[in-house]
Amino acid sequence: MNIAEVLKLADQLLFTHTGEHLDLLQEIILKGTLQGNKYTEIASENHLSEGHVRDTASELWQTLSKTLGEDINKSNARSILEKVIISNSGSIEYLVNGNKVSICLRQKRSPKSCPLLKPSEKNHLNIDATPEITEFYGREDELNKLKTWLIQDHIRMITLVGMIGIGKTTLAIKLIEEVQTEFQYIIYRSLQYCPTIDVFLKDLLQSVVSPPVFPNTLDRQVDLLLKFIKKHRCLIIIDDLQMLFQTGQYAGKYKPEFEGYYLLFKQIAELSHASNFLLITSEQPEYLTVDSPKFFRSLKLSGLGDCATKILKYKELLDQDNWHNLIEKYQGHPLWLEMTATMIQELFSSRVTDFLAYPVLILSNEITSQLNRLWSRLTQSEKQVINYLAKQEHEIALMQVLQEIPDQPTDILKAIQSLKRRCLLEDDSHEDHHVSLLKINSILKYYIISQH
């Protein structure tokens with residue numbers, strides 16, 4: 001009997017007598033046991049704690065022991081399960097102390113119901129709030145990296161970071177299409193309207209909890225969510241995280257009323273489980289930048305490059321020979337290019353050449369409004385650094401910035417770090433001298449010069 005048959009048999013035995021199927025972790029443990037792996041090896045391969053694996057295994061052996069009427073443990077699980085014979089009639093017969101015990105798999109039995117948790121369902125999607133996407137441009141490398149982190153590396157917490165309009169949500173929606181068969185539950189939620197932590201948790205739990213029973217305290221709600229993500233393989237995507245952060249403070253600092261999110265995400269990152277959380281944000285949360293890379297990764301999105309030609313083609317712009325120049329001027333930023341393409345349609349009869357012949361860079365009202373909102377979020381130290389860099393013709397060394405800006409070096413370094421976390425500042429290393437060079441993109445530079 002091969003491993004797949006043993007797993008199937010164990011699942012059927014469990015369901016027949018408890019009304020519950022093997023969950024993901026139980027399946028991982030049983031498979032590892034059948035392959036002769038130690039608990040330490042199972043834990044290491046699946047990025048779990050050895051204690052959690054042992055506890056779950058102990059519960060599994062106890063359940064199977066009650067089901068078959070004989071003591072089952074790690075050392076004898078395979079030999080006992082292989083003795084179980086599936087007859088043509090669909091029954092399972094097992095010899096216990098000389099007596100034949102029959103377990104009819106055809107018997108339909110009502111699953112045992114937990115008062116809180118819904119029964120597991122494969123590919124349970126709760127993504128009604130996701131925006132509709134009609135086109136997906138490029139991003140194959142980024143998509144493959146995210147899939148690797150989720151499926152192979154089992155990274156618990158991932159942040160997808162980039163400027164507003166760079167395509168973070170679009171990439172996440174495409175990711176759902178690619179990985180949905182790998183998860184029992186996929187849930188998407190946006191924090192656009194800044195729900196408090198208790199409102200957010202109640203809404204999230206409604207996806208996995210049978211109403212109308214809800215814990216009435218925050219700690220019990222968090223505990224219920226943590227139990228669920230340990231029991232089930234979930235991908236939970238949380239968009240617009242930056243809405244919880246303070247303006248006029250360094251990037252990623254939570255408003256006082258949203259500190260509960262900080263505690264929740266910290267617990268999720270530190271807890272041993274097989275689920276994944278994807279946080280989409282235009283500012284990197286401060287604490288997540290120092291967590292172990294074993295459990296946390298961050299992917300920063302930049303422009304689309306030449307893949308952005310598909311946007312211009314969709315907008316039916318003319319003068320294709322000049323599309324590359326247009327893309328380069330607007331940094332391959334998909335939303336900026338869409339806004340600019342609309343302006344070219346309306347004011348230049350779709351002629352890119354005529355638009356580029358204009359003596360200065362043109363920012364649409366929509367782009368300017370976006371940058372105004374970004375500017376209002378910065379600290380005074382960040383504005384000072386941005387204003388200084390906007391006046392430079394080329395990228396500039398970090399040490400020169402520290403020497404020429406009349407402020408405390410500590411404050412300047414904090415400001416530079418925060419600007420990077422907002423994706424407003426690029427950091428290149430000079431190949432010859434290994435010097436850290438700082439620069440801002442041309443759109444932000446022109447905005448600063450023209451507005452301030």
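Helix H7 contributes the most to the lining of the second largest pocket, with 5 residues. The model described here is predicted.

This pocket has a volume of about 1,100 Å³. Its lining consists of 39 residues, and Gly-165, Gly-167, Thr-169, Thr-170 and Leu-335 lie nearest the centre. By class, 19 of the lining residues are nonpolar, 10 are polar and 10 are charged. Besides H7 (168-179), the elements that each supply at least two lining residues include strands S6 (185-190) and S8 (276-281), as well as helices H11 (309-314), H13 (334-347) and H15 (365-376).

Strand S6 also takes part in strand pairing, as tabulated below.

| Pair | Sense | Bridges |
|---|---|---|
| S4 (residues 124-126) and S6 | parallel | 3 bridges |
| S6 and S7 (residues 234-239) | parallel | 6 bridges |

Tyr-185 in S6 is the bridge partner of His-124, and Ile-187 has Ile-236 in S7 as its bridge partner. Because 5 of the 6 residues of S6 are buried, the strand is largely enclosed by the rest of the structure.

The largest nonpolar core holds 51 residues, of which Leu-326, Tyr-330, Leu-371, Leu-389 and Val-401 touch the most other members. H13 gives the most to this core, with 6 residues. A second, separate core has 34 residues, among them Phe-200, Leu-205, Ile-268 and Leu-279.

With neighbours within four places in sequence left aside, Leu-371 is in contact with Trp-336, Leu-363, Ile-443, Leu-444 and Tyr-447.

How values were computed
Residues numbered from 1 in each chain as written. Predicted model: local features only at pLDDT ≥ 70, side-chain atom pairs only at ≥ 80, totals over all residues. Heavy atoms only, no water. 1 Å grid on protein atoms, 1.4 Å probe; cavity = no way out; pocket = protein on both sides within 12 Å on 5 of 7 lines; lining within 4 Å. Points joined across faces, edges and corners; volume = space filled by probe spheres on them. Helix = DSSP H or I, 4+ residues; strand = E, 2+ residues; numbered from the N terminus. Nonpolar A, V, L, I, M, F, W, Y, C, P; charged D, E, K, R; others polar. Core = buried A, V, L, I, M, F, W, Y, C linked by side-chain atoms within 4.5 Å. Buried < 20%, exposed > 50% of the residue type's maximum accessible area, 1.4 Å probe, protein only. Contact = heavy atoms within 4.5 Å. Pairing = 2+ DSSP bridges.
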